[in-house]
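User: Hi! Could you walk me through this protein?
Analyst: Happy to, have a look here.

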Amino acid sequence: MATLTRSTTIEAPVEQVYDYAVDVRNLWVMPDVGLADVDQRPEGVGSTAKIFSHFFGLHFEMKLEILQAVRPDKLVLKFTSNTPDRPLWTLVFESIEDGTTVTMTGEWHVNLPAIGGPMEEMQARAHKDMVDGLLANLKSKVESLVAA
């Protein structure tokens, strides 16, 4: 198993940050990635979406599903696809004096003999910029809502 952990601090109450992030249409926003077939559940658990992108001319699709939603503390998201890349993402929301710290941890389990471990490590390294972008977008959007 390989992991990647990244954090950001958002100047907003933890409940507001969580409420924004539990909607996959708000959370999973990044350049060159689309969402389709979104089924957003009021409490978060069971929410699903199809995520699609292109990389080196290849089309990739994954299914995102919120497995666990503990308001306002934690979200667990599972990704499935026809590729070995099937990360499990956990977001932890912690109330602090100046707002909220959001910590996002991805875990990769690639069940392929001999190459699984190196592939997990490669995926963890490759997702660093993506996670930093997701957290920066979350910070920007929630802080702009607070300021409005």
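User: In what order do the elements run from the N terminus on?
Analyst: The order is β-α-α-β-β-β-β-β-β-α-α, with four helices and seven strands in the protein. Helices (H or I, at least four residues) and strands (E, at least two) are DSSP runs, numbered from the N terminus. This is a predicted model, where local features need pLDDT of at least 70 and side-chain atom pairs count only at pLDDT 80 or more, while totals for chains, interfaces and linings use all residues. Residues are numbered from 1 along each chain as its sequence is written, and side-chain values use heavy atoms, leaving out hydrogens and water.

User: Which residues does threonine 101 touch?
Analyst: Leaving aside residues up to four places away in sequence, threonine 101 touches Ser7, Thr8, Thr9, Val92, Phe93, Glu94 and Ile96. A contact means heavy atoms within 4.5 Å.

User: Zooming out, how much of the protein is buried?
Analyst: Buried residues make up 38% of the 148 residues.

User: What about contacts between residues at least 6 apart in sequence?
Analyst: Of those contacts, 48% join residues at least 24 apart.

User: Last one: what box do the C-alpha atoms fill?
Analyst: Along the principal axes, the box is roughly 50 × 30 × 25 Å.

Methods: Buried means under 20% relative accessible area, exposed over 50%, partly exposed in between (1.4 Å probe, protein chains only).
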